[in-house]
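Please look at the structure shown here and keep it in view while reading. The report goes from the whole to single residues.

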Amino acid sequence: MAELIAASGISKAFPGVRALDQVDFVLKPGEVHALVGENGAGKSTLIKILMGVYRRDSGSLAVKGRDIHDFSPQAAQASGMAAVYQDISLARTLTVGENFFLGHMPTGRWGTIDWTAAYDRCGALLKELGLDDIDPRAPLNSLSVAKQEMVAIAKPVFENADILVFDEPTALLANEETEILFSIIRRLRSEGKGIIYISHRLEEIFAICDSVTVLKDGCHVRTMPVADTNPDDLVRLMVGRSMEDMYTIKRSPPGEVALKVDGLTREPRFRDISFDVRHGEIFGLFGLVGSGRTEIMRAIFGADPIDRGEIHLDGKPVRFTHPSQAIAAGIGFMSEDRKNQSIALPLSVRTNINLAHYPAISPFGVIDRTAERDAARTYVDRLAIKTPSDAVAIRNLSGGNQQKVVLGKNLAAKSRILVCDEPTIGVDVGAKSEIYKIFEKLTEGGVAILMVSSYLPEIMGLADRILVIYEGRPMAIVDHADFDEEKLVRLASGLQA
Amino acid sequence: MTVADKLEIAARPGIAALGRLRIGTSTTLMAIVIVLFAFLSVTSAVFPTPENLSNLLRQTSINGIIALGMLMVIITAGIDLSVGAVVAIAGIVNALMLQAGVSMWVSIPLTILIGAAIGVFNGILVHEVSITPFIATLGTLTIVRGLVMIMSGARMVANLPKEFGQIASGSVFGIPSMFIIWMVLFVVTVFLLNYTQLGRNFFIIGSSKEVARLSGIRLRPNIYAVYGLSSAYAALAGILLSSRLSMGVPTAGISYELDAIAAVVIGGGSLFGAAGSAVGAVLGAIIMQTIRNGGNLLGIDPFALQVIIGALILIAVGIDQIRVRRAEKG
């Protein structure tokens, strides 16, 4: 049995997206195999197909030499596969030991649970792995997030899985725990197990992995030994894509400074963030997941408190303790989590467009229903929101149209500064370019846009300047003329440009 | 069938006239009321008499008023279990004041204010202490029930002025005044929910507190207001009940919260929040009380009647669940 996993020609399409296109992937025993690529390159889709979560459209898959036709997460587990995902999927209120055995607690003579044996076995393994400071009897939620992650990492070792997937395992870990993780991985490798390692942190790939597969836009770019490459080459392979016209918009000459942020800090999320956004300008904020970009947006909007730092609007210092103050000052906010933060799903398009507008059209708390209806109609027309009527519940609209309603909500509230976190998340290509067109018009009218996007072509096409952040700290502000994918990715990975 | 026909219309009563679904619920409920009345008028000689009908309206008014307050709380995805206890304490407090010689024109507004204060206490528990509404109002229910017993010495407070009793027994042009008070509150509630920012805030908060906050809505005043309103409505219901009985009864209002919740839910309210209408709550209360009244007149075993009403609640909630699941699937 030479190969643990042999996948070839794997393709998978979702409505409107070709997530994977003819991807080959091989995992050998005793190999730590890195899987790298930008957001949307197809890494998680590939993992989910390997783990039986998604069904592939075409291609062949063999696990330990056995051809797999119908796969399920249960079947994958039975074949000795285990994945540790970014969000810890364990039972938080149960103890560490119970999580190890989950559903298969050792039993004693009368069929009752043998707690002593369970905790002894669990404790022995934790000690072996160098995790002796974790008490097997402690409820999981009493541990720090990093320790919980270590429990999640130890669990498949305990289950003696021989194909392990670690998806961004170090996102929550400190250096010391990362070292323990690496020693666990080395031990697994020496036992002849196969490990798939996904990480945005390139230095980890060079520290622990044997080979690397690069994916880009759902395609297999190259598989090679880590020894044969270097971080620069890897970045080039990951992003080497031609820019599409779609992301280029007509830019407006920037005016006066609309929003100035100075030394904004919220420990431990972000520190010393300073930049300014001019009227008519689109200012980008780029960073990896967890780099603090969303938190910075929320802090500017008054949704989260800040430790120190100053915010100036049109030259005047402001301090918001509640989003209502930010809205009154002319700031609009589009969250990356549209369904939970931006729109009221069961309510009508009309109500949603007026969400932040009601104080302005409700003298003495009584809604001016004509103004309410007019605002809804105005923005349904102007933004070309596709809906049979503004009385329809917004949950029935497509993602793109929902997002246009969110734009309308901010425009109805007379936002002069638009703070957008991933404005085209979950939005199809057609609606995307419509949203870009709207941005173009808004900046023409002097609106300042501050946007986060993790999709490079988008942020490079739209933004006039980009602030790159890494682990909550500013790396550099890059001007449009100096935009370069490699440079931005390097900065976002904590490497100097 | 066009796309528009298949789309669910927003569960917001403000645009009820456009809403197929909402019209569907109210029309169905209305049809049930008519069928019930027709059936009972044929099968029972007593049912259609003016005496019985005005008695039915008086009986329904108490639960109907509480249900209107409960409706607003449920729209915010909350629940208020303390309303039954507020009914009791309002009856006792008001009766004690009347006994002490306080004019009812003073005692009644004061009692309603005390009710509102209990509601604000619920709001503090829910918003500041982050206790889930179910537990917060359960605690308040228990505390208030204890207070009632302490204040009344577990005895009824009788010998109230005659004019106080006339509130409940009186009628205008043959329409029981209690029913008129209920309908006034109904209009007030419709206005609040559909024409004011406060009512719109209730729906938005019920849809998602985070969306509400990020849309600039301050949660505190709205949460205080909704529980305050619910308790104030319940206090008024308690005053009317004690007027009807011509005394303050310490054990009054037991399990009234459940009847109110049932009325709201039968009327299309959802415990997930952001759905429900005042028309629905009123019709829900009428249906429940009509089944009780009619069942008694037809000599149906009261215990069997209980089974029927329970089943009715389950059917209503079951339909609600299926509706929610359909909507989520899109």
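This is a predicted model: local features need pLDDT of at least 70, side-chain atom pairs count only at pLDDT 80 or more; totals for chains, interfaces and linings use all residues.

Residues are numbered from 1 along each chain as its sequence is written, while chains are lettered from A and ligands numbered from 1 in the order in which they are written.

## Domains and core

Chain A has two parts, domain 1 (5-239) and domain 2 (245-492); such bounds come from an automatic or database domain assignment. Taken over C-alpha atoms, the centres of domain 1 of chain A and domain 2 of chain A are 35 Å apart. Contact between domain 1 and domain 2 of chain A involves 10 residues of domain 1 and 10 residues of domain 2; two residues are in contact if their C-beta atoms, placed from the backbone, lie within 7 Å. On the side of domain 1 of chain A that touches domain 2 of chain A there are four nonpolar, four polar and two charged residues. In this classing, Ala, Val, Leu, Ile, Met, Phe, Trp, Tyr, Cys and Pro count as nonpolar, Asp, Glu, Lys and Arg as charged, and the others, Gly among them, as polar.

The largest nonpolar core holds 233 residues, and of these Ile449(A) and Ile66(B) touch the most other members. A nonpolar core is a set of buried Ala, Val, Leu, Ile, Met, Phe, Trp, Tyr and Cys residues joined through C-beta atoms within 7 Å. A residue is buried if 20 or more other C-beta atoms lie within 10 Å of its own, exposed if 12 or fewer, and partly exposed in between, with C-beta atoms placed from the backbone. Helix α11 (residues 219-245) of chain B gives the most to this core, namely 15 residues. Helices (H or I, at least four residues) and strands (E, at least two) are DSSP runs, numbered from the N terminus. Because domain 1 (5-239) and domain 2 (245-492) of chain A both give residues to this core, it lies between them. Leaving out residues up to four places away in sequence, Ile66(B) touches Val83(B), Tyr233(B), Ala234(B), Ala237(B), Tyr256(B) and Ala260(B).

Helix α6 (residues 133-152) of chain B has 20 residues and reaches 28 Å from its first C-alpha to its last, close to the 28 Å expected at 1.5 Å a residue. The expected span is 1.5 Å times one less than the number of residues in the helix. Buried in α6(B) are Pro133(B), Ala136(B), Thr137(B), Thr140(B), Val144(B), Val148(B) and Ser152(B). Seen down the axis of α6(B), these buried residues fall within an arc of 105 degrees, so they line one face of the helix; the arc is that of the directions from the helix axis to the C-beta atoms. They pack against α4 (83-99) and α5 (104-127) of chain B. The face of α6(B) turned away from the buried side carries the exposed residues Gly146(B) and Ile150(B). Just after α6(B), Gly153(B) takes a positive phi of about 60 degrees.

Helix α5 (residues 145-158) of chain A has 14 residues, which should span 20 Å at 1.5 Å a residue, and its end C-alpha atoms are 20 Å apart, in agreement. α5(A) is mostly covered, with 12 of its 14 residues buried. What covers the buried residues of α5(A) includes α3 (96-101) and α4 (115-128) of chain A.

## Single residues

| Residue | Other C-beta atoms within 10 Å | Class |
|---|---|---|
| Arg369(A) | 14 C-beta atoms | partly exposed |
| Ser335(A) | 25 C-beta atoms | buried |
| Glu471(A) | 15 C-beta atoms | partly exposed |

Arg369(A) is in helix α14 (residues 369-382) of chain A. Ser335(A) is in the loop between β16 (331-334) and α11 (338-342) of chain A. Apart from neighbours within four places in sequence, Ser335(A) is in contact with Gln341(A), Ser342(A), Asp421(A) and Leu214(B).

Glu422(A) has a phi near 50 degrees, a positive value in a residue other than glycine, and lies in the loop between β17 (417-421) and α16 (429-444) of chain A. Phi of Glu471(A) is also positive, near 50 degrees, and Glu471(A) sits in the loop between β19 (465-470) and β20 (473-479) of chain A.

Glu267(A) and Pro268(A) are joined by a cis peptide bond, with omega about -5 degrees.
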